[in-house]
Amino acid sequence: MADAAFLAWCKQHGITSHGVQPGFVAAGWRGVIATQHIEPGTEVMCVPQQLLMSVMSARRDVQLSLVLQHHQLSSNQILAIHLLHEASKFPASFWQPYLQQLPRHFTTLMAWPQQAIQQLQLPHACEAAASAGDKARSEWQGARAALQELGLARKWCSWPAYCWAASCVLSRTMYHPDDPPCGCLTPLGDLHNYAPPPAPYTPDVVAAAQQLVANQQQQQQQQGQQQQQHRLQQQHVSPRCVEAKEQEMQQQQQQQQQQQQQQQVSGVLHQQQAERRQHADAACCNGSAAVCSCSCSSAATGTAVANRSEGCSDEAAGDAAIQLTAAGGVLYAVGAASNSGDAADAAADAGATAAGCGAADAVEAGVASGNTAAAAAAAAAAAAAGAAGESGAAAAAAAGASGAAAAAGGGDAADAAGDAGGAAADGGAVGDAAGDAGDAALCGDGHFDAAAGAYKIVARRSYAPGDQIFLCYGRHPNLDLLELYGFLLHDNPHETALLPLQLLQQALQQAQQQQQGERQWRRQQQKPGQGAILEVAAADCYVHVSGQPSWQLLQALRLAAATPAELKSTSHLALCGEPISACSERIALASLEAACSMQLAGLETTLGEDEGLLCKLSMAPQAAAAATDESLQANSCGSCVGEGGVLDQAAAAGRGEQLAAAQQAAAAAAAAAGCAEPPAAAQQAAVTGDRQQQEAECAELAVAWRVCYKRSLTRCLQLCQRALSVLAGAGAGSGAVAGSCKPTRGVSQRV
């Protein structure tokens with residue numbers, strides 16, 4: 001829990017909170033915790049403008065504003081001077097309860113000692129840390145005159161004091177529209193810890209290799225089938241003979257189908273004639289069956305239907321009902337469906353067919369497919385259309401028959417349509433869920449409300465009681481987090497591992513030489529403009545924490561590995577994020593694998609050694625922290641509780657309340673005694689303890705950063721090996737994927 005005096009000061013001056021309170025947490029040591037269920041969009045904290053420390057509040061100080069008129073300073077310098085000026089007023093400063101809560105020291109890169117910088121091992125990381133320190137010292141040199149003109153004590157004008165103030169400004173300010181470069185210090189609001197935004201979309205070299213192999217195998221299969229057909233045609237007959245043979249076979253098939261249909265019709269007619277002979281009675285004959293003849297009159301009227309009498313047996317009733325139509329000049333025999341469900345399905349099929357291609361075509365399609373019920377329904381529609389004399393009416397009648405049959409035949413079609421509609425609705429729900437998941441990934445944000453005159457913090461996702469409320473500062477790799485805020489995340493989705501451009505160029509040449517062969521590679525290098533050149537910015541030569549390369553790096557490797565012919569015809573594939581060819585993809589992945597291997601081999605320690613060292617540092621007793629604890633119990637006037645172990649956050653949270661209680665008791669005793677400055681011995685002990693603890697934390701952070709860096713390169717190495725094994729494994733059975741990249745004459749790859 002935070003200092004009770006500080007919370008009382010916040011409440012007294014109008015800071016309001018909804019369902020949250022500050023407290024000690026495992027991740028970040030101090031943070032803001034939910035005390036009730038919080039919905040997305042809830043305003044969890046509101047800080048009035050008069051409590052914000054910013055350039056505007058600095059200019060409201062009469063003494064400071066007069067000094068600032070004589071110096072050209074940046075916003076960061078002004079706010080750092082403002083912070084030191086208020087800290088020197090202890091306990092008379094208006095912000096004294098807030099200043100007492102600030103960390104005693106920071107681990108931003110500008111505050112790193114030289115030994116910790118060297119433990120980063122990577123040149124670009126060491127340069128970033130050294131550059132941050134040099135920039136801060138340059139700003140301090142420019143601000144020293146203003147600090148001295150304010151009449152501050154010597155210790156407040158020193159580099160350690162300014163480094164503390166500049167780190168506080170850099171790591172704890174929040175965006176303010178009136179001063180975007182610097183922002184403002186927000187009491188109580190700056191206790192919110194950081195959570196990164198969702199991970200970026202990265203390439204997948206293994207999936208790309210698998211897709212490339214699948215496409216090539218499909219192409220090879222198609223080419224093999226075409227070549228086989230071509231060989232067979234050349235062995236037997238000429239193309240004209242083949243075409244004539246195919247036409248002859250089609251005509252024979254059509255004739256056979258017509259003969260079968262005529263035989264079916266004639267068989268039914270013979271059966272009916274036999275029945276008529278048995279029933280000599282003309283009335284019985286007229287009542288039992290209506291003979292449909294294939295005459296000109298029947299062709300003119302359209303159809304004639306012969307129906308069984310109701311008194312016939314089940315076997316006779318199950319026989320095919322005769323329906324003759326002159327559609328298209330062909331006589332069709334159609335059987336009745338065996339049950340109502342089949343009839344409904346058949347009618348639906350007939351309706352769909354008739355609606356698409358006409359009633360006559362629907363009848364023919366029903367007969368050809370063996371669906372007699374469908375042909376019957378279509379024939380009925382054709383009859384109605386013949387009476388109307390319009391082909392459009394035939395389609396309408398067929399569609400109407402199909403709809404009626406579907407309605408009478410059960411709910412299967414309706415259920416299927418309902419399922420399809422439900423699936424479409426589910427698809428929309430999935431899209432909405434994906435959008436909600438993306439929105440929920442953002443933790444929260446803060447903004448200055450000019451109308452309300454306050455800084456407001458809003459939760460962007462739901463929180464349960466006991467959850468820590470996070471803010472999102474943007475996308476930052478671990479090196480940026482160290483420079484700006486003084487911490488890193490082991491599972492940072494935006495972590496990147498930078499590779500030197502020269503190393504990638506060297507690895508690319510070696511991969512081309514190995515894949516293409518020594519002789520061909522040297523001949524290509526002698527041609528002007530044919531050498532492999534990696535055209536990519538140095539800042540884009542990195543791999544993600546997952547091991548996948550950046551889009552820019554992968555694109556540049558693929559283009560550099562492609563042949564001139566491939567660049568002319570298929571270079572657009574690389575611009576779309578796809579492989580150009582199997583050969584160029586092997587060269588690109590082999591060069592990336594070699595670059596990662598050479599980079600890891602060139603470092604002073606291995607990944608296993610660093611992980612063991614990091615484990616020892618996190619498990620070792622914090623001697624410097626213990627010394628700081630004793631100094632805090634002696635006196636804490638003019639400062640605040642120190643941050644706990646950087647990596648052992650759980651242990652820091654465990655002892656956080658004890659440290660805070662000791663500090664608050666010491667501060668209260670000093671204030672009661674009227675002590676504005678600690679004794680010299682206690683002050684020196686506090687400074688020494690802080691320095692030792694800071695050096696230990698910076699060294700631990702350096703080891704942790706290079707562990708994250710080496711893990712990213714190791715993952716990239718493994719992914720490249722997997723992708724290359726996919727290409728090589730598929731090539732074992734097909735020569736187009738495996739083997740050397742030597743082109744053949746006339747064709748790029750032999751099938």
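How many bridges join strand S3 to strand S12, and do the two strands run parallel or antiparallel? In this predicted model, strand S3 (residues 29-34) and strand S12 (residues 468-471) are joined by 2 bridges and run antiparallel. Within this pairing, Ile33 of the chain stands opposite Gln468, a residue of S12.

The two strands belong to an open sheet of 4 strands, arranged in the order S2-S3-S12-S7. Pairing in the sheet is mixed. At its edges lie strand S2 (20-25) and strand S7 (193-194), each of which pairs on one side only.

Across the protein as a whole, 28 helices and 14 strands are found. The protein has 751 residues, and 43% of them count as buried. Its accessible surface amounts to about 37,000 Å², with 52% of that area belonging to carbon and sulfur atoms. Of the contacts between residues at least 6 apart in sequence, 72% join residues at least 24 apart.

Glu593 is part of helix H24, which covers residues 582-601. Although Glu593 is buried, it has no salt bridge. The nearest side chain of opposite charge is that of Arg586, 11 Å away. A salt bridge requires a side-chain nitrogen of Lys or Arg within 4 Å of a carboxyl oxygen of Asp or Glu. When neighbours within four places in sequence are left aside, Glu593 is in contact with Leu717, Cys720, Gln721 and Leu724.

Terms used:
Residues are numbered from 1 along each chain as its sequence is written. This is a predicted model: local features need pLDDT of at least 70, side-chain atom pairs count only at pLDDT 80 or more; totals for chains, interfaces and linings use all residues. Side-chain values use heavy atoms; hydrogens and water are left out. Buried means under 20% relative accessible area, exposed over 50%, partly exposed in between (1.4 Å probe, protein chains only). Contact means heavy atoms within 4.5 Å. Accessible areas come from the Shrake-Rupley method with a 1.4 Å probe; for residues, only the protein chains shown count as cover. Lys and Arg count as positive and Asp and Glu as negative; His and the chain ends are not counted. Two strands pair if DSSP finds at least two bridges between them.
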